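These are my notebook entries on one structure. I record below what I looked up, entry by entry.

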Amino acid sequence: MPQPSDTPTDSPDTFAQRVRRARERSGLTRAVAGGLVGRSAEWVKAIETGRLHTPRLPLLLRLAEVLGVDVGELTGEERISAATYSKASHKALPAVKASLTAYQFRPRDEEPESAESLLARVRQAWQLWHGSGDHRSRIATIAPSLLADLQHAARTLDGTDRRRVLVGLAETYHLIQLYLSFQPAPELVMLTGDRAITAAQDADSPQAIACAAWYMNHVFRDAGEAHEARVDLAMKAADLLHAVDDNPEDLARWGLLHLAAALSFAKRGREGDAWRYWDKANDAARRLGEDYSHPWLIFGPGMVDAYRLTMHNDLVQSGGAIDVATTIDLAPMPSATRRSFHQLEAARAYSMGGEHLAVVHLLKKAHEESPETVRYNLFARSALPDLVETGPAMIRDDARWLAQELGIPA
């Protein structure tokens, strides 16, 4: 009698085959992929062998998010896009896109703004990003002109001033990359990451290269691609730095890059490697001092502690994640966007544990902290429709209200 096979016998164009290809491309095991969507390895196997049909939309969206693909890639229907549900488009996205794709060459004899003035504007932009409220909207307002002024200065200035401007240009690309994240513009996210790396290299600044490597790691990790390449990039950039106690700038960046590697290994389910690199990041953070926090990278003990949530979540360790959620103190972290993000990660942990009351409570807290962080968060956008439809009766009204605030069909 024929035995069941792990390989579906139907056409390569079936939903089952697409899911399997996407999972294998992402490097996730069935157990990890299933855990990340709140299901078992056997459930994933049943999907991939065609024994289970396409799940309902909320679960389908979460599966697409975990596998790093658009929902249309799984269903095979181009007209079905996750953008409506799991990715929101900011109203200023066309203007930001135009600033990246329109090339305006000012006359070389036009006097550029001084390096000091431009870098002060970059510092102010970072303060706006980490402030409470509509940080994306504020960055979208100032980024196009700041980008154009930095580009002109980089073309016309020489020597040290040009290198300083190039560092500011790389940081501005980081800000635009953050603005673009979780919006339906993956090609622009990749573009800004690549341009930041180029500007940092042109500046011949190990510190700028390290920051560009950190943000490029986000690009690759969120796309579920190039695991080996992104860890290699992080470690090569870390080797350029002098990670000694009397150089806090280099030590912070060195720790940040090891945190990037830890998160990358966790995303792949490689627990031992993940925690080994996290230990190195944690050691660097503690050497900087318990109260240290980098002014715009926010690296420090508080950030490294909070990222344990993401590590446990990606390793499908809900118990460990909930333990972290009950012990970390986010209040001292000098960034509303980061506090909101880590509250969302806590909500993700409780979601894996099936504690829906805690999920809605944390989603509301994250929304109060930074509405635009929640509005563009993939977990929040995929979880809320499910909570509205199947969550406990006592939290459905809150989930429905929050979905309406975020513009999510529910």
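**Entry 1: A125 and its surroundings**

Leaving aside neighbours within four places in sequence, I found A125 in contact (heavy atoms within 4.5 Å) with I139, I142, L146 and L175. The model is predicted, so I note that local features need pLDDT of at least 70 and side-chain atom pairs count only at pLDDT 80 or more, while totals for chains, interfaces and linings use all residues. Residues are numbered from 1 along each chain as its sequence is written, and side-chain values use heavy atoms, with hydrogens and water left out.

I located A125 in helix α7 (residues 115–130); helices are DSSP runs of H or I with at least four residues, numbered from the N terminus. A125 is buried, with a relative accessible area of 2%. Buried means under 20% relative accessible area, exposed over 50%, and partly exposed in between, with a 1.4 Å probe and protein chains only. I also looked up the separation of the C-alpha atoms of A125 and E48, which is 46 Å for residues 77 apart along the chain.

E48 belongs to the buried residues of helix α3 (residues 41–48), which are W43, V44, A46, I47 and E48. After α3 comes G50, with a positive phi near 80°.

**Entry 2: H174**

H174 lies in helix α9 (residues 159–180). Not counting residues up to four places away in sequence, H174 touches W126, A196, C211, A212, Y215 and W296.

**Entry 3: The second largest pocket**

I recorded about 500 Å³ of space in the second largest pocket. A pocket is an open set of points on a 1 Å grid over the protein atoms alone, where a 1.4 Å probe fits, with protein on both sides within 12 Å along at least five of seven lines; lining residues have an atom within 4 Å of a point. The volume is the space filled by probe spheres set on the points, which are joined across faces, edges and corners.

This pocket is lined by 22 residues, and Y103, Q151, H152, R155 and Y173 are the closest to its centre. Two or more lining residues come from each of α6 (93–101), α8 (135–156), α9 and α10 (186–202). Which element gives the largest share of the lining? It is α8, with 6 residues.

**Entry 4: α20 against α21**

I found that helix α20 (residues 378–390) and helix α21 (residues 393–406) pack at an angle of about 145°, with axes 8 Å apart. Axes are lines fitted to C-alpha atoms, for helices over the stretch in contact, and angles run from 0 to 180 degrees between N-to-C directions. From α20, the residues R381, L384, L387, V388, E389 and T390 meet I395, R396, A399, R400, L402, A403 and L406 of α21.

M394 is also in helix α21. At 65% relative accessibility, M394 counts as exposed. The C-alpha atoms of M394 and L357 are separated by 8.5 Å, although these residues are 37 apart along the chain.

**Entry 5: Two positive phi values**

I noted that D204, a residue other than glycine, has a positive phi near 55°. D204 is in the loop between α10 and α11 (206–222), and D204 is exposed, with a relative accessible area of 62%.

I298 is not a glycine either, yet its phi is positive, about 65°. I298 sits in the loop between α14 (271–288) and α15 (301–314). I298 is buried, with a relative accessible area of 2%.
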